[in-house]
Amino acid sequence: MAEPIKNKRPDPAVAPTPQNTPLNAAPISSHAQQPGVASINEEDLGGGVTAASIFAHDPRLVSLIQGRLGSLVGKSSGYIESLPAEVKRRVSGLKGIQKEHSKLEAEFQEEVLQLEKKFFAKFTPLYEQRAAIVNGKTEPTEDLVKAGEEDEDKAEGAAVENKGATDGGKVSGIPEFWLSAMKNQISLAEMITDRDEGALKSLIDIRMEYLDKPGFRLIFEFAENEFFTNKIITKTYYYQNESGYGGDFIYDHAEGDKIDWKAGQDLTVRIEQKKQRNKTTKQTRIVKKTVPTESFFNFFSPPKPPTDDDDEAAEDIEERLELDYQLGEDIKEKLIPRAIDWFTGEALAFEELDEEDYADFDDDDEDDEDDDSEDHDDEDESEEEEEDGSKPKQEPSECKQS
């Protein structure tokens, strides 16, 4: 539906083109020229030196080559310019046809968007009914319960019913519904820290709405809590006015609401205390410093598009922008429509997980044990501590959100 990043460099072309078509396969061979760059054989370097070893010992050479190759992307090989005039005229005619095709693609995407909005209006009453049940404002009808039990295993259903019957006290709605659903959604679970869970337990509802222009807004509604005063926190994703190649909408930028944190409750920072000793007087003092830390609530402070010419910085920001956009799409397209399947974990059966994702699940306990032992070993080497006296959580070299 949308292209994630507007200024991301395209991948090198792999489809047959006049630039990469061999001479004997070129459609018009009378003016085609055989490439004149000889292949580089590692054996020709001599002395046991290989191209790979040269690159490994000189990263600047790799960077230089990548820069030169990047500057060639999109440049003509001269093949089109060498065609006869009547052939170039026909090429221009085909480009005219392609423009008409692009107009239809843009029209198609616009109609798809209008169709999405039409059915979103039909989905909205269902989302409102779901929110009422989750928050204990109403109970599901017998018809809804029977419909939900049709695909469940009878033995499993009986076990759940018996377990609920033994619990003491009356429970309103479904406690921690959205927190549980988010923790089962892999991309979101990676962002949620232990500190975040206290605030996310007060999450009443997550919903979205379309903008008048291309874009959408995610709406997070919270009950009163000890962390911030906001009842509603939103994040809005904007697309560019012009369509991209293929008629897709192009993601432009996102904006999040400012969170009004209560005193000392900002989950996006932590307070470090460091002891400093005066070499002359031998007296010590406590220095407090506020430093950023990982938190789901960094999601509402999205990265800004790159504005400088630093290629490395621009590439880093582009990756973070793409991640930020993908998180918004996951909430819009996966979490909100099928929240109950994420709450129960059934949605995981339909996710395409990478091997690394499976490894993350298997190694969680081992990583926790390793972290505990590392923290214990480091206690004698550092005097840094958080305001509450505990060791600060080890931060990765790069945060996922800015």
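Glu319 counts as partly exposed because its relative accessibility is 44%. This residue belongs to a predicted model, in which the chain has 11 helices and eight strands. Of the 402 residues of the chain, 25% count as buried.

**Glu319 and its setting**
- Glu319 lies in helix α9, which covers residues 311-335.
- Pro303 is 16 residues from Glu319 in sequence, and their C-alpha atoms are 10.0 Å apart.

**Chain totals**
- Among contacts with a separation of 6 or more, 61% are between residues 24 or more positions apart.
- The accessible surface of the chain is about 27900 Å², and carbon and sulfur atoms account for 50% of that area.

- In soluble globular proteins, nonpolar side chains tend to be buried together.
- The largest nonpolar core of this chain has 44 residues, and those with the most contacts inside it are Phe220, Phe296, Phe297 and Phe299.
- Helix α6 (residues 177-184) gives the most to this core, contributing five residues.
- Beyond its neighbours within four places in sequence, Phe297 is in contact with residues including Asp196, Ala199, Leu200, Phe222 and Phe228.
- Further contacts of Phe297, with those sequence neighbours again left aside, include Ile259, Trp261, Leu267 and Thr268.

**Nonpolar surface patch**
- Leu115, Phe119, Phe123 and Leu126 make a nonpolar surface patch of about 370 Å².
- Phe119 is in helix α3, which covers residues 85-134.
- With a relative accessibility of 35%, Phe119 counts as partly exposed.

**Salt bridges**
- The count of salt bridges comes to 13.
- Lys103 forms a salt bridge with Glu100, and their closest N and O atoms are 3.6 Å apart.
- Lys103 and Glu100 are separated by about one helical turn because they are three residues apart in helix α3.
- Lys103 counts as exposed at 54% relative accessibility, whereas Glu100 is partly exposed at 46%.
- Lys258 and Asp260 meet through their side chains in a salt bridge, with an N to O distance of 3.6 Å.
- Lys258 is exposed at 65% relative accessibility, while Asp260 is partly exposed at 34%.
- The side chains of Glu333 and Lys332 also form a salt bridge, with N to O at 2.4 Å.
- Glu333 is partly exposed, with a relative accessible area of 43%.
- Lys332 has 9% relative accessibility and therefore counts as buried, the cut-off being under 20%.
- A network of salt bridges links Asp205, Arg207 and Glu221.

Technical notes
Residues numbered from 1 in each chain as written. Predicted model: local features only at pLDDT ≥ 70, side-chain atom pairs only at ≥ 80, totals over all residues. Heavy atoms only, no water. Helix = DSSP H or I, 4+ residues; strand = E, 2+ residues; numbered from the N terminus. Buried < 20%, exposed > 50% of the residue type's maximum accessible area, 1.4 Å probe, protein only. Contact = heavy atoms within 4.5 Å. Areas by Shrake-Rupley, 256 points an atom, 1.4 Å probe, with all protein chains shown as cover. Core = buried A, V, L, I, M, F, W, Y, C linked by side-chain atoms within 4.5 Å. Patch = residues over 30% accessible without salt bridge, like charges linked within 9 Å, V, L, I, M, F, W, Y side chains within 5 Å. Salt bridge = Lys/Arg side-chain N within 4 Å of Asp/Glu carboxyl O.
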